[in-house]
Amino acid sequence: MVASDSRARRVLLLLSPATYRAAAFLEAARKLGLEVVQGMDLPDALASQWNVPLGLDFGNPDAAVERIVEYATRTPVDAVLSVDDSATILAARASSALGLPHNSPDSAVAARDKGVMRDLLSAGGAPVPHYDRFFLSEDPAVVSGRVAYPCVLKPLRLSGSRGVIRADSAAEFVAAWKRVRRLLVSEGNQPDTSHVLVEEFIPGFEVALEGILTDGKLRVLALFDKPDPLAGPFFEETIYVTPSRLPLEVQDAVARCTAEAARALGLWTGPVHAELRVNDRGPWIVEIAGRSIGGLCSMILQFGTGMCLEELILRHAVGMEIEDYSREARAAGVMMIPIPGAGMLAAVHGVEEAKHVPGVEDVQITARLHQPLVPLPEGASYLGFIFARGDDPMTVEESLREAHRCLSFEVRPHIQLLAAR
Ligand SMILES: Nc1ncnc2c1ncn2[C@@H]1O[C@H](COP(=O)(O)OP(=O)(O)O)[C@@H](O)[C@H]1O
Ligand SMILES: [Mg+2]
């Protein structure tokens, strides 16, 4: 279905109410003159209250696909796009039902479910750490004797490092297991039908690759180094800086590994965000998702003559021309501000000072005052972001660290959190 000349191209954007990604996509669509229909994970009553044209239940994909098809029959759309992880499978299924180009539903599942991903990567011959899945209802004391250490426990379908915990011994494994189980049960999962994935810990330096697939071919848009060590037991992401300072041949190996992973999963079109670890045995895929970078991190990416990542993705989705995919020449970086502890965020100091650090372009505190801060491995939201640009990656990294040193956070103990201990 291609837009006739008489109407603007229309994109159905699938959004969850809590997503960080909405504003950037909506602004890019506005700039491009695209008509946007927001399909939001909301019950009907709230959708009409919020003026959202299409309320969808992401938790009930069969019904949501039906709803989208019914809507699009009356109001044709040229692309269905999920702005983040929450609806990539739904977007693939709806696109398939509507005959729109997209990743296949199976590949969207593979890019979302870490167990299926490991199975397909392994079948495709990619380097994969030893891994196994266990039902949450199993006895962790028994399972702890069946895995090798150090290992990483992780839920199959969460993101942002939620529930990802390293264990170096059987005792740590049992404690980690209980914590992951509590988290998954609190998210509505049943222990006897839900799995936890246990993988060998991959040592090494971590990078993130932002790319876009066109007819199965990967174009690297940006390769980020993650200069802070991610050694566990929890894996809070902090600094991302591009371009990578890794040797060019290693960067090429990372790109090849990501392209192979996309192929193994059957990903064919649209954005990919991959995380890899690099060690003396080469690059290893930690995960590859069929979506763009999360949080507000994309703010520091610019392509061609001032095109943001979301504009590039939208152009790609509706078949508009993209003259130049190359990222600007300057180095750029973002810090996802670490959460200093659990409690109520009572005050944030030093934001203006941080904004004035040379190279820093913006500091955004996204956590709300007087709301609980929940650190990993349970927490699902960011404290905020620092954005910087500079002549080279080292300078950018220093600007981010300097700005972070200007910030201080007052976090008051949260009575409920204390009581839950
Ligand atoms: N097998 C592993 N070995 C070493 N580190 C890992 C492994 N799996 C995950 N991690 C760490 O945990 C982080 C989050 O895991 P990931 O699989 O990317 O889940 P999420 O979808 O929550 O981001 C990774 O970025 C990495 O730092
Ligand atoms: Mg990840």
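Two strands count as paired if DSSP finds at least two bridges between them. I kept that cut-off in hand for the sheet below. The model is predicted.

**Sheet with β17**

I looked up strand β17, residues 343–349, and its pairing with β19. The two run antiparallel and share two bridges, so the pair meets the cut-off of at least two. I then checked M344: its bridge partner in β19 is P372. Next I traced the whole sheet. It is open and has three strands, in the order β19-β17-β21, with antiparallel pairing. The edges are β19 (372–373) and β21 (408–412). Each has a single partner strand, so one side of each has no neighbour in the sheet.

**Ligand 1**

Which residues are closest to ligand 1? I found S159, E199, I202, L230 and F235, within a shell of 19 residues.

**Whole chain**

I counted 13 helices and 21 strands in the protein chain. Its radius of gyration is 21 Å, close to the 22 Å from the globule rule for 421 residues, so the chain is as compact as a globular protein of that length. Along the principal axes, the C-alpha atoms fill a box of roughly 65 × 50 × 50 Å. Of the 421 residues, 45% are buried. I also checked contacts with a separation of 6 or more: 67% join residues 24 or more positions apart.

Conventions
Residues numbered from 1 in each chain as written. Chains lettered and ligands numbered in written order. Predicted model: local features only at pLDDT ≥ 70, side-chain atom pairs only at ≥ 80, totals over all residues. Near = placed C-beta within 6 Å. Helix = DSSP H or I, 4+ residues; strand = E, 2+ residues; numbered from the N terminus. Rg over C-alpha atoms; globule rule 2.2 N^0.38 Å. Buried ≥ 20, exposed ≤ 12 C-beta atoms within 10 Å, placed from the backbone. Contact = placed C-beta atoms within 7 Å.
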